[in-house]
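Biologist: Could you walk me through this model, step by step? I am new to reading structures.

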Amino acid sequence: MQRVLVTGANRGIGLELCKQLKTRGDEVIAVCRQSSPALDALGLRVEDSIDVTDAESLAGLAQRLEGVRLDLLINCAGIMGRNSLDKLDVESIRKQFEVNAIAPLRVSTTLLPLLGEGSKIAIITSRMGSIADNDSGGAYGYRMSKAAVNMAGKSLAIDLREQGIAVALLHPGWVRTDMTGHTGLIDSDESAKTLLARIDSLQLSETGAFWHQNGEALPW
Ligand SMILES: NC(=O)c1ccc[n+]([C@@H]2O[C@H](COP(=O)([O-])OP(=O)(O)OC[C@H]3O[C@@H](n4cnc5c(N)ncnc54)[C@H](OP(=O)(O)O)[C@@H]3O)[C@@H](O)[C@H]2O)c1
């Protein structure tokens with residue numbers, strides 16, 4: 001049994017991760033701004049009113065969790081704006097940086113006292129943050145913020161290695177959720193199942209890896 005904290009737990013991939021973790025017997029702390037009937041139905045410990053971009057909110061979460069040891073932290077909360085070259089909305093780009101890039105770093109460092117040797121941090125990023133893989137352009141805010149979180153995750157991996165904490169950057173696939181308007185190639189149950197397989201297999205020797213949920217190593 002592992003104790004796992006998941007952000008973005010009220011819907012989409014985060015919700016499905018919570019469901020599968022619970023089913024396999026892990027103890028889940030589901031973090032969200034506002035719970036949902038689907039999350040409530042899982043009967044988990046839900047920590048709501050947590051906005052991952054808000055420092056005070058995160059400090060409150062750390063206080064509520066004082067003394068709790070986490071085996072795994074999954075940073076799943078994220079947003080996607082549609083910023084094409086002719087419709088650059090700088091505020092939207094800034095917001096995506098806050099949620100997708102700064103928040104996973106801030107959540108991880110705020111909750112670091114709860115992690116220890118053998119703990120893991122998973123950051124749900126996107127292959128759209130890969131510079132090498134970008135062959136279609138556009139999506140400025142999303143691509144830039146996911147590239148930035150990849151760098152944050154890589155530095156975290158290096159900085160936390162000595163403490164025995166492994167970090168993985170994981171692309172969940174193209175998943176049918178609200179974010180994609182329920183288009184995509186896979187459903188969130190398949191995404192969550194394969195993400196958990198990647199996280200389970202993560203060794204400290206591979207810390208800083210950038211993986212597709214299907215197990216492929218992704219280029220930066
Ligand atoms: N779906 C895909 O194909 C795909 C592909 C690549 C990467 N990803 C990544 O996978 C992760 C999950 O995506 P998804 O498809 O499950 O998206 P989703 O269904 O739109 O869910 C997004 C989640 O993030 C939460 N969130 C957003 N802003 C937040 C904030 N400021 N504070 C706290 N929570 C916040 C949302 O909570 P609220 O309900 O409160 O808004 C929701 O729980 C994201 O990081 C996304 O970038 C998804």
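Biologist: Before we start, what should I know about the model and its numbering?
Modeller: Residues are numbered from 1 along each chain as its sequence is written. This is a predicted model, in which local features need pLDDT of at least 70, side-chain atom pairs count only at pLDDT 80 or more, and totals for chains, interfaces and linings use all residues.

Biologist: Let us begin with the ligand. How many residues surround the ligand?
Modeller: A residue is near a molecule if its C-beta atom, placed from the backbone, lies within 6 Å of it. The closest residues are G8, G12, G78, T177 and M179. The whole shell around the ligand counts 29 residues.

Biologist: Which helix gives the largest share of the shell around the ligand?
Modeller: Helices (H or I, at least four residues) and strands (E, at least two) are DSSP runs, numbered from the N terminus. The largest share is three residues, and they come from residues 12–23, which form helix 1.

Biologist: How many residues of that shell are nonpolar?
Modeller: Ala, Val, Leu, Ile, Met, Phe, Trp, Tyr, Cys and Pro count as nonpolar, Asp, Glu, Lys and Arg as charged, and the others, Gly among them, as polar. The shell has twelve polar and four charged residues. Its nonpolar residues number 13.

Biologist: Now the inside. How many residues does the largest nonpolar core have?
Modeller: A nonpolar core is a set of buried Ala, Val, Leu, Ile, Met, Phe, Trp, Tyr and Cys residues joined through C-beta atoms within 7 Å. Buried means that 20 or more other C-beta atoms lie within 10 Å of a residue's own, exposed means 12 or fewer, and partly exposed is in between, with C-beta atoms placed from the backbone. In soluble globular proteins, nonpolar side chains tend to be buried together. Here V6, L17, C18, A30 and A168 have the most contacts inside the largest core, and its size is 57 residues.

Biologist: Which residues does L17 touch, not counting residues up to four places away in sequence?
Modeller: Two residues are in contact if their C-beta atoms, placed from the backbone, lie within 7 Å. With those sequence neighbours set aside, the partners of L17 are V6, I74, C76, A192, L195 and L196.

Biologist: Why is strand 2 largely enclosed by the rest of the structure?
Modeller: Strand 2 covers residues 27–31. It is largely enclosed because the number of its five residues that are buried is four.

Biologist: In strand 2, which residue is the bridge partner of T7?
Modeller: Two strands pair if DSSP finds at least two bridges between them. Strand 1 (residues 3–7) and strand 2 run parallel and are joined by five bridges. In strand 2, T7 has as its partner V31.

Biologist: And which residue in strand 3 stands opposite A30?
Modeller: Strand 2 also runs parallel to strand 3, with three bridges between them. Opposite A30 stands V46.

Biologist: Is the β-α-β unit of strand 6, helix 6 and strand 7 left-handed or right-handed?
Modeller: A crossover is right-handed if, with the strands pointing away from the viewer, the path from the first strand over the helix to the second runs clockwise. Strand 6 (residues 166–171) and strand 7 (residues 209–212) are parallel and share four bridges. With helix 6 (residues 188–201), they make a unit that is left-handed.

Biologist: Is L72 buried or exposed?
Modeller: L72 lies in strand 4 (residues 72–75). Its contacts beyond four places in sequence include V4, A122 and I199. Because 23 C-beta neighbours lie inside 10 Å, L72 counts as buried.

Biologist: How far apart in space are T110 and A59, C-alpha to C-alpha?
Modeller: T110 is in helix 4 (residues 90–110). Leaving aside neighbours within four places in sequence, T110 is in contact with L58, A59 and A62. T110 and A59 are 51 residues apart in sequence, while their C-alpha separation is 7.0 Å.

Biologist: What is the phi of A139, roughly?
Modeller: Most residues other than glycine have a negative phi. A139 sits in the loop between strand 5 (120–124) and helix 5 (140–160), and it is buried, with 20 C-beta neighbours inside 10 Å. A139 is not a glycine, yet its phi is positive, at about 45°.
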